[in-house]
Each structure stands twice: as C-alpha cells, then as structure tokens.
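Work through the exercises below with the sequence and the 3D structure at hand. Try each task before reading its solution.

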Amino acid sequence: MNDSRKNALLATDLAPDQSAQLSDLGIVILEGLMSPAFCGRLRSRIARLHEHEGERAGAEFKQERGCLRLANLVAKGEEFAEVIGCPKVLACVRKVLGPAIKLSSLNARTALPGCPSQPLHADMGAIADAQGYWVCNTVWMLDDFTPHNGAIRYVPGSHRWGHLPQDSLNDRSSPPADEALITGSA
C-alpha cells in the first residue's frame, strides 16, 4: 500500500475538508475540541504549576523572555493525559507522520502582554526529508487567539518549502506577504 493511501486510512477521524486543510495549508483548526470545563481545568492546573515552579518554570525545556513556560506536562497532572490521547488530534498527527508516532514533549507557552511575536521558524529545524515529516506540533488554545494577543504566525503551504524560513526570508520578524494568523476561540 502506498504512503498516501496508508495515511488516508489512518486519518479516518478527520473530515475531508480538515484533511485537505492539513495537507494544503499545513494546519487545521479543530473547533469545539474541548469543553469549557476541560479548558478551565487545564488553565487552572497550568496556573498552579506556574505558581509552584516559579522562576524554574520551563527549565526542563526552554525559558523565554516575555513568556511563561512549562515543560514535561505529561508528568505534571492527569488532565494532560487527556490532551495527548485526544483521538482527533492523534488522527491529525498520524496524517502528517504516519502510524509510528512518539510524543516528544508537552509544554505550555503563555505570551505575556507586550511579548513580541516569535520570528517565523520551524521547531527543531524540522523539515521533511526523503522519509517524510518527523515533527508535528499541536497547539491547544486555552485562551482566545486574536490578532491582538499573540496569535501564531504562519505561512500557508510553507511546510512544503523544503527549507527553513531563515533560508528564504530576509527578516523573519517582519510579516511576509503571504503570512496568516492562527486565530480562534479557546
């Protein structure tokens, strides 16, 4: 069975338009994936962890100026097991990576007011190679993402460039003409 057919079978939980968005744009927004109560539980647990970890919050992975960070969340609360086990999200990840997936990390990043946008980048410098993609990120919007509060910047289709953004953009902080924002409700 060829890879595209195998990936299509693995992504049976995705609606055709969601699967097409993921393939064409490199993203799909899964609206209504979590209940307001579950979102509130995640927010509350993250706030308690920030309070508990203080200055060391996120030290296992990455601390970032202007942001609150947490790392290794799977080991820090049972509610995070629900996040990594979400069937719809797993279907998306399998569509990108194929059947063999492994969790690398589950982290939290909270951009504080006044935090500048991150430069356009590929996490871990990950671009597809001859064997395909080897990284797939998921983002859980625990607050509304708007153009005014740090929505994620991306370039639709850039997952197919075959090179890193810094290899073709003169200024990764300035928006390229085809940049879009990932916005949505918590």
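**Exercise 1. Cysteines**

The model is a predicted one. Find how far the sulfur of Cys136 is from the closest cysteine sulfur, and decide what this says about a bond.

Solution. Step 1: the closest cysteine sulfur to that of Cys136 belongs to Cys92, at 7.4 Å. Step 2: a disulfide requires the two sulfur atoms to be within 2.5 Å, so the pair Cys136 and Cys92 is too far apart for a bond. Step 3: repeat this for Cys39, whose sulfur has its closest cysteine partner in Cys86, 13 Å away, again too far for a bond. Step 4: a search of the whole structure gives zero disulfides.

Next, classify Cys39 and Cys136 as buried, partly exposed or exposed.

Solution. Step 1: buried means under 20% relative accessible area, and exposed means over 50%. Step 2: Cys39 has 4% relative accessibility, so Cys39 is buried. Step 3: Cys136 has a relative accessible area of 25% and is therefore partly exposed.

**Exercise 2. A histidine in a helix**

Locate His50 and state whether His50 is buried or exposed.

Solution. Step 1: His50 lies in helix α3, which covers residues 36-53. Step 2: the relative accessible area of His50 is 14%, so this residue is buried. Step 3: beyond its neighbours within four places in sequence, His50 contacts Ala57, Leu68, Arg69, Leu70 and Thr110.

**Exercise 3. Two packed helices**

Describe how helix α2 (residues 16-25) and α5 pack.

Solution. Step 1: the angle between α2 and α5 is about 45°, and their axes are 11 Å apart. Step 2: α2 and α5 are therefore oblique to each other. Step 3: the crossing of α2 past α5 is right-handed. Step 4: α2 makes the contact through Gln18, Ser19, Leu22 and Ser23, and α5 through Lys88, Cys92, Lys95 and Val96.

Note on methods: Residues are numbered from 1 along each chain as its sequence is written. This is a predicted model: local features need pLDDT of at least 70, side-chain atom pairs count only at pLDDT 80 or more; totals for chains, interfaces and linings use all residues. Side-chain values use heavy atoms; hydrogens and water are left out. Helices (H or I, at least four residues) and strands (E, at least two) are DSSP runs, numbered from the N terminus. Buried means under 20% relative accessible area, exposed over 50%, partly exposed in between (1.4 Å probe, protein chains only). Contact means heavy atoms within 4.5 Å. Axes are lines fitted to C-alpha atoms, for helices over the stretch in contact, and angles run from 0 to 180 degrees between N-to-C directions. Angles under 35 degrees count as roughly parallel, over 145 as roughly antiparallel, 65 to 115 as roughly perpendicular and the rest as oblique. A crossing is left-handed if the near helix is turned anticlockwise from the far one by less than a right angle, and right-handed if clockwise.
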